[in-house]
Amino acid sequence: MAQAVLNCRTTPGKLYVGVGDPNADHKCWERPEDMDTPHTVYSVSPSNPGSDVAAETAAALAAASMVFKEVDSAYSLLLLATAKNVMQFAIQYRGSYSDSLSSSVCPFYCSYSGYKDELMWGAAWLLKATDDSNYKNFIQSLGGGDHPDIFNWDNKYAGAYVLLSQQALVNNDNTFDQYKQEAESFICKILPNTPSSSTSYTPGGLMYNYNLPQSNLQHVMAITFLLTTYAKYMKATQHTFN
């Protein structure tokens with residue numbers, strides 16, 4: 001998977017972000033080997049920017065670089081260098097890929113939340129991977145963000161808040177306290193029987209968001225991952241909150 005993402009940045013000045021016709025693909029229920037729908041390739045560039053998808057790509061590459069750091073340092077460095085390059089592309093050429101690619105991605109994968117959340121998400125992963133203060137300064141320059149009760153392919157604020165809260169909880173950097181507070185506000189919206197809870201549960205105890213017409217397990221899995229991650233930070237620091 002890391003190599004597949006890495007291959008998206010093979011042409012200077014371009015980032016390849018999609019393949020296929022979304023309308024035809026969503027109607028096709030057969031094996032990829034049997035598909036005969038168009039395989040059009042889509043990309044973003046300085047003249048057709050996509051800060052959201054570029055920063056998301058940078059986040060994935062930065063995270064992967066940490067996975068490979070101890071087992072393949074050369075590959076790890078390549079992943080990290082590409083992550084930095086793609087993140088710079090996202091920052092320098094601002095714009096949403098939905099606006100650049102239009103019907104090639106909408107209405108299925110429109111960037112409804114804009115691109116500021118992905119910029120924060122990408123910079124948060126690069127900060128974790130590099131400990132470079134430039135990413136810290138960039139994150140702080142973005143200011144505050146949304147106050148979500150969801151974490152998914154589009155809205156990355158909750159994930160960024162949880163990841164950045166590690167800086168406050170584990171690294172004792174109080175300049176990240178606002179992200180810790182935002183992470184805990186998100187958690188209170190998820191947990192049942194809290195004053196600010198906005199998440200419903202099935203009779204069997206499964207999270208279910210009735211505000212989403214197709215509330216499926218992707219939301220449950222993504223949110224559970226964030227809850228588990230924050231729980232690890234709390235356990236490591238003996239932190240509690242109300």
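In which helix is the place of A64? In this predicted model, where local features require pLDDT of at least 70, side-chain atom pairs count only at pLDDT 80 or more and totals for chains, interfaces and linings use all residues, A64 is located in helix α3, residues 51-68. Residues are numbered from 1 along each chain as its sequence is written, and side-chain values use heavy atoms, with hydrogens and water left out. Helices are DSSP runs of H or I with at least four residues, numbered from the N terminus.

A64 is buried, at 12% relative accessibility; buried denotes under 20% relative accessible area, exposed over 50%, and partly exposed the range in between (1.4 Å probe, protein chains only). Apart from residues up to four places away in sequence, A64 touches A2 and L79, contact being heavy atoms within 4.5 Å. A distance of 8.2 Å separates the C-alpha atoms of A64 and L80, which lie 16 residues apart along the chain.

The whole structure contains 1 disulfide, defined as a pair of cysteine sulfur atoms within 2.5 Å. This bond links C106 and C110, with an S to S distance of 2.0 Å, and both cysteines are buried. C8, by contrast, takes part in no disulfide, the nearest cysteine sulfur being that of C106, 19 Å away. C8 is partly exposed, at 23% relative accessibility, whereas C28 is buried, with a relative accessible area of 16%.

W153 occupies the loop between α7 (133-141) and α8 (157-169). The relative accessible area of W153 is 34%, so this residue is classed as partly exposed.

Methods:
Helix = DSSP H or I, 4+ residues; strand = E, 2+ residues; numbered from the N terminus.
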